[in-house]
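Me: Got a model open and want to talk it through. Can you walk me through a few spots?

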Protein chains: 2
Amino acid sequence: METVAIVGVGLIGGSFALALRQAGFGGRIIGVSSERTIAQALKYQIIDEGLPLEQACRQADLIYLAGPIHSILETIPKLDACTREGALITDAGSTKREIAAAGAKLRGAQFLGGHPMAGKESRGVQAAEGQLFSGRPYLLTPAAEGDLETPAAREFLGWIRDIGAVPRVLSPAQHDRIVAHSSHLPQLLSTTLSGTLGRHSESELIAAAAGPGLVDSTRLALSGWDIWHDILETNRPSILEALDLFIADAQALRARYAGAELEADFAQGKEFALRLRNTR
Amino acid sequence: METVAIVGVGLIGGSFALALRQAGFGGRIIGVSSERTIAQALKYQIIDEGLPLEQACRQADLIYLAGPIHSILETIPKLDACTREGALITDAGSTKREIAAAGAKLRGAQFLGGHPMAGKESRGVQAAEGQLFSGRPYLLTPAAEGDLETPAAREFLGWIRDIGAVPRVLSPAQHDRIVAHSSHLPQLLSTTLSGTLGRHSESELIAAAAGPGLVDSTRLALSGWDIWHDILETNRPSILEALDLFIADAQALRARYAGAELEADFAQGKEFALRLRNTR
């Protein structure tokens, strides 16, 4: 792998470029983004040059699509005509079924979906950091058997390990079901909680009395609608299922609490919270 | 204020002692705790000596009750006979109505309820740190007018500011209503979410795919039942009200999402999340 094209040089794309460099990648990194973003990415030495999509595509051994989901879905079909032989196209989108379906239509290049479980409040190339993926799961969603066995896929997997991420393999459908629970449900709960408190008649006192727990609990509510619009649109059935599960559990807990103790609820909650901290 | 007695030298009590020292308190700090905790607190130089409650009470200008709520409720009546004239008794319990009622029965000493909005996963005196309260709200709940105007209360308020905390004054009933929303509701949502995911048939994959959002969302679920038993028992009506508000909002969001977009929900959630970060 000598040339990498990052399409969408924001927090994730920029961090992937920095992570590759820190892991010893000595080749060329091309950025495909708006003029303003390219100028910033060049200034921060995150990319070596900025090029239009088609020119970048013709030179790249790895094409890393790091924009929002709708832009990934629009970009994939454009890559069929320009990709080099043996090149790999991958993405960092937060849902995978629709993207995998678009990737499966490619004839001239291999597509392998991916989803790094990393992020932070700040966005944009100026927030990029080379350690963003370190110790975090990196979900890979091959659409067909053998997709991980090609030379390009094996090399990409090697770089994922080299940047410190923990690769995990799921089917695209399984991925969307899992992240509906592990990521999309927590997002909607944080958004709902924050809205509930913001609409409360004493919301100013609530904000003034906020401790670290509430700060953590409302961090996801800072996420932008521009990103979440696409996620919610492309994963509706699984997210509805996760919401229903949670609401039923919250109602049951509420009913138990009205008349009894919640010791078992606390024990179960703690058990999973510890388990996920030990699953690394 | 020359002598401070910390009753219950755990995370909060130990941190308060360290914070006082770092803020320049030059007097004596007595610890009242189990033998094992006193030995640790002496080793870490958090307290100057360990004494039984009554002896500590007789010497202290400030008695800081930092144990669990039930132990605060049991301790308050014992202090009436031993407190020095002009001394102040305060506490750091997470609910305030029942504690304020117990304090109001004291004849020999002034009681002023308090609640530092600080904490972390780790507990016990070995987790104590002098900066724990820095930048955090410190809720004060005077039961009667003038309670903040006595010399002892004024001096205590000065130390709260000196340790970097931000004092906020609420009535005990208002406090319990506010923290039901700002603290107890987020706790129960984290516990419920963690339980929902832990009971899911694919919980191992969910844990393996956890990103920083889920780690934050399940942090409160690590809290111990021993602390929460008392909180849930002494603030049931307000917590039930907060749960009902949230569940109704979650159901409404679920219904909207099934047929439309959630842009307004995200905007409202973000608005409050930003607001509470700017309320400092």
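Reply: Helices (H or I, at least four residues) and strands (E, at least two) are DSSP runs, numbered from the N terminus. This is a predicted model, where local features need pLDDT of at least 70, side-chain atom pairs count only at pLDDT 80 or more, and totals for chains, interfaces and linings use all residues. Residues are numbered from 1 along each chain as its sequence is written, while chains are lettered from A and ligands numbered from 1 in the order in which they are written.

Me: Is A:Ala109 buried or exposed?

Reply: A:Ala109 is buried, because 21 other C-beta atoms lie within 10 Å. The cut-offs are 20 or more for buried, 12 or fewer for exposed and partly exposed in between, counting other C-beta atoms within 10 Å, with C-beta atoms placed from the backbone.

Me: And what is A:Ala109 in contact with, leaving aside neighbours within four places in sequence?

Reply: A:Leu79, A:Asp80, A:Thr83, A:Ala87 and A:Ile89. Contact needs C-beta atoms, placed from the backbone, within 7 Å. As for A:Ala81, 28 residues apart from A:Ala109 along the chain, the two C-alpha atoms are separated by 8.8 Å.

Me: Switching to the dimer contact, how many residues does each chain put in?

Reply: Chain A gives 77 residues and chain B gives 78 residues. On the side of chain A that touches chain B, α7(A) gives the most, with 18 residues. That side divides into 41 nonpolar, 23 polar and 13 charged residues. Here Ala, Val, Leu, Ile, Met, Phe, Trp, Tyr, Cys and Pro count as nonpolar, Asp, Glu, Lys and Arg as charged, and the others, Gly among them, as polar.

Me: What rotation superposes chain A on chain B?

Reply: 180°, with 0.0 Å of shift along the axis and an RMSD of 0.0 Å. The two copies are therefore related as by a two-fold rotation axis.

Me: Ok, α7 in chain B: where is the kink centred?

Reply: On B:Ala180, with a kink of about 45°. The bend at a residue is the angle between axes fitted to the seven residues ending there and the seven starting there. α7(B) is also mostly covered, with 25 of its 28 residues buried.

Me: Last one, what ipTM does the predictor give the complex?

Reply: An ipTM of 0.91, and a pTM of 0.91. Chain A has a mean pLDDT of 95, with 100% of its residues at 70 or more; pLDDT is the predictor's confidence in each residue, from 0 to 100.

Key
Contact = placed C-beta atoms within 7 Å. Least-squares fit on C-alpha atoms with pLDDT ≥ 70 in both.
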